[in-house]
Amino acid sequence: MSEIHFREMASKSWLNFLTFLCGSAIGFVLCSQLFSILLGEQGDTQPDILHNDPHARHADDNGQNHLEGQMNFNADSSQHKDENTDIAENLYQKVKILCWVMTGPQNLEKKAKHVKATWAQRCNKVLFMSSEEDKDFPAVGLKTREGRDQLYWKTIKAFQYVHDHYLEDADWFMKADDDTYVILENLRWLLSKYNPEEPIYFGRRFKPYVKQGYMSGGAGYVLSKEALKRFVDAFKTDKCTHSSSIEDLALGRCMEIINVEAGDSRDTIGKETFHPFVPEHHLIRGYLPRTFWYWNYNYYPPVEGPGCCSDLAVSFHYVDPTTMYELEYIVYHLRPYGYLYRYQPALPENIRKEVILLRFNPRSVHKRSANS
Amino acid sequence: MLSESSSFLKGMMLGSIFCALITMLGHIRIGHGDRRHQHKHHHLQAPNKEDILKISEDERMELSKSFRVYCIILVKPKDVSLWAAVRETWTKHCDKAEFFSSENVKVFESVNMETDDMWLMMRKAYKYAFDKYRDQYNWFFLARPTMFAIMENLKYFLLKKDPSQPFYLGHTIKSGDLEYVSVEGGIVLSIESMKRLNSLLGIPEKCPEQGGMIWKISEDKQLAVCLKYAGVFAENAEDSEGKDVFNTKSVGLFIKEAMSNHPNLVVEGCCSDMAVTFNGLTPNQMHVMMYGVYRLRAFGHIFHDALVFLPPNGSDND
């Protein structure tokens with residue numbers, strides 16, 4: 001009787017012990033959870049950076065001043081208040097550029113949208129060219145099919161459309177892809193030395209197949225008003241036809257036939273301004289393998305590394321949407337405060353005269369570019 | 001049944017008490033002592049328009065030269081490709097940059113810290129820098145090899161800050177009671193902070209070489225604890241719009257986040273125009289940033305800045 005009672009007691013205390021252990025484990029875990037919540041790692045929650053209140057992160061600001069002699073300044077106004085865009089604005093009026101962007105129905109939301117949100121606003125006029133019309137985007141319908149083999153057809157029709165509707169609205173007519181990033185101010189600087197009544201066009205010059213060279217399609221190219229007139233006219237008179245589907249080469253051949261000069265788009269120290277790839281591919285030595293077609297195509301001696309690219313670059317190609325916005329931030333927002341750039345090219349002659357006038361009649365330094 | 005539930009409850013109580021004890025002890029170690037919650041924040045203030053116009057270019061150059069920044073980059077042998085990129089890019093704009101490595105690496109010159117532990121490396125580097133350069137530099141910037149830093153923007157940010165005051169700046173994080181500057185955004189110390197830090201490095205109770213009883217505490221937290229004892233408190237560096245200037249992420253990452261969080265204001269909502277650091281870059285991205293920051297720009301946008309910085313000698317990528 002007592003033996004059974006003893007075993008009962010033993011198993012009971014064993015059970016008790018187990019529940020005790022269980023309890024302590026659960027107690028420990030619960031408690032540590034509670035503590036970690038209370039003393040929370042108020043971690044790295046990125047503050048709502050659109051919130052203009054600089055005090056947003058510091059709710060309990062009533063600490064004593066332990067840093068003697070430091071003033072608590074008031075928040076400064078916008079960071080662009082030190083910026084003078086008079087020259088850029090002047091060029092915007094003087095060198096009118098119509099941009100048309102080669103795109104398609106499937107790419108309007110994927111790619112063209114980001115072009116529209118970034119550099120396209122800086123054209124004097126921008127048109128998005130697609131095979132079919134889209135009233136909302138808006139995009140012009142060229143009534144072609146889609147596909148790589150349609151590129152030259154689309155180009156011919158696009159230039160025709162621009163010529164028929166907008167000839168007098170611009171001096172220069174730029175073609176870009178929906179993965180090209182263009183810095184319009186630098187394009188205007190480049191073109192300001194030239195007369196739009198001259199038959200000339202600019203881009204990244206390639207040497208094969210065409211004696212005077214032809215311009216890479218993806219890096220974008222820009223025709224003078226006279227060049228556009230001659231190009232459209234050539235198709236009416238059959239001087240040029242849809243000879244091939246390789247858009248840039250075929251256009252280059254046509255340009256040579258109609259005596260439109262292939263211009264030198266390099267800057268004043270010989271660096272290229274139109275780029276068929278993203279900056280990384282040009283800046284990093286060895287990125288493009290030696291066997292790559294590019295090395296044999298470039299009209300001027302190709303350079304890799306820092307000498308590849310002008311400070312006043314005009315375009316980059318194969319730019320995906322993320323990189324579009326990155327370039328937009330890097331070119332138009334981030335800057336090294338107070339830094340004196342090495343390359344300080346002269347203002348174009350006609351602009352220089354106007355700037356001298358401006359100095360005698362200083363306008364407000366707070367002027368912002370009409371379209372920035 | 002009753003005895004089981006009572007032992008369960010007793011167990012829970014004991015477990016909680018045990019846990020609480022451990023947490024408390026851990027906290028005391030971290031430096032629970034100084035309860036005064038000091039919080040000062042400064043806003044970027046440029047001199048106003050009239051002042052800038054009054055200062056001559058020579059005076060502006062003199063003012064710019066008064067900021068002397070010594071850059072400390074802690075590296076390990078595995079970081080060799082990042083090390084090369086950092087050397088060839090932004091560190092050329094430091095008044096002096098030195099690399100502190102865990103062990104000697106043949107390829108590059110560095111100061112050998114002879115330890116793998118990040119906190120020990122940091123302490124030794126700060127001690128070395130202070131002992132050797134206290135008279136020559138007034139600001140000390142510590143960076144990771146994955147960072148890109150813009151010295152000119154750092155100096156602009158420091159424009160009205162007196163280095164004889166104890167400044168400790170960067171991207172701050174709050175951990176319980178401790179606010180510390182994250183090493184992932186870069187750490188800026190004034191000469192006064194360096195002085196105070198170095199006076200405590202030899203005192204193990206205040207500035208132990210092995211903080212944290214149970215688990216290792218990151219080196220940036222350890223630094224903050226140490227500095228707190230010296231009356232130096234972390235401040236988050238922000239521009240006039242409240243955007244961080246020290247960033248723990250790369251531009252690309254910010255853009256990707258912006259594209260999903262606020263697709264209509266991607267660039268405006270991204271980052272400061274006066275950003276000093278970005279982190280998480282590959283060596284290639286550093287070269288691209290070098291071109292993007294110091295060269296690529298839009299013609300016809302002119303700035304009238306209070307400070308003037310010349311490009312460094314013997315450099316071809318800026």
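Mentor: Gladly, and keep in mind that this is a predicted model. Let's begin in chain B, where strand 4 (residues 139–143) and strand 9 (residues 187–190) pair in the antiparallel sense.

Trainee: How many bridges join strand 4 and strand 9 of chain B?

Mentor: The two strands of chain B run antiparallel. One residue to look at is B:Phe141, which stands opposite B:Val188 in strand 9 of chain B. For the pair of strands, the number of bridges is 4.

Trainee: Which strands of chain B does helix 8 touch as it packs on the sheet?

Mentor: Helix 8 of chain B covers residues 219–229. Its direction makes about 150° with that of strand 6 of chain B. The strands in contact with helix 8 of chain B are strand 6 (168–170) and strand 9.

Trainee: Which strands stand at the edges of the open sheet in chain A?

Mentor: This sheet has 7 strands with mixed pairing, in the order 4-3-2-5-10-7-11.

Trainee: What is the bridge partner of A:Met129 in strand 4 of chain A?

Mentor: Strand 3 (residues 125–130) of chain A runs parallel to strand 4 of chain A, and 2 bridges join them. In strand 4 of chain A, the partner of A:Met129 is A:Val140.

Notes. Residues are numbered from 1 along each chain as its sequence is written. Chains are lettered from A and ligands numbered from 1 in the order in which they are written. This is a predicted model: local features need pLDDT of at least 70, side-chain atom pairs count only at pLDDT 80 or more; totals for chains, interfaces and linings use all residues. Side-chain values use heavy atoms; hydrogens and water are left out. Two strands pair if DSSP finds at least two bridges between them. Contact means heavy atoms within 4.5 Å. Axes are lines fitted to C-alpha atoms, for helices over the stretch in contact, and angles run from 0 to 180 degrees between N-to-C directions.
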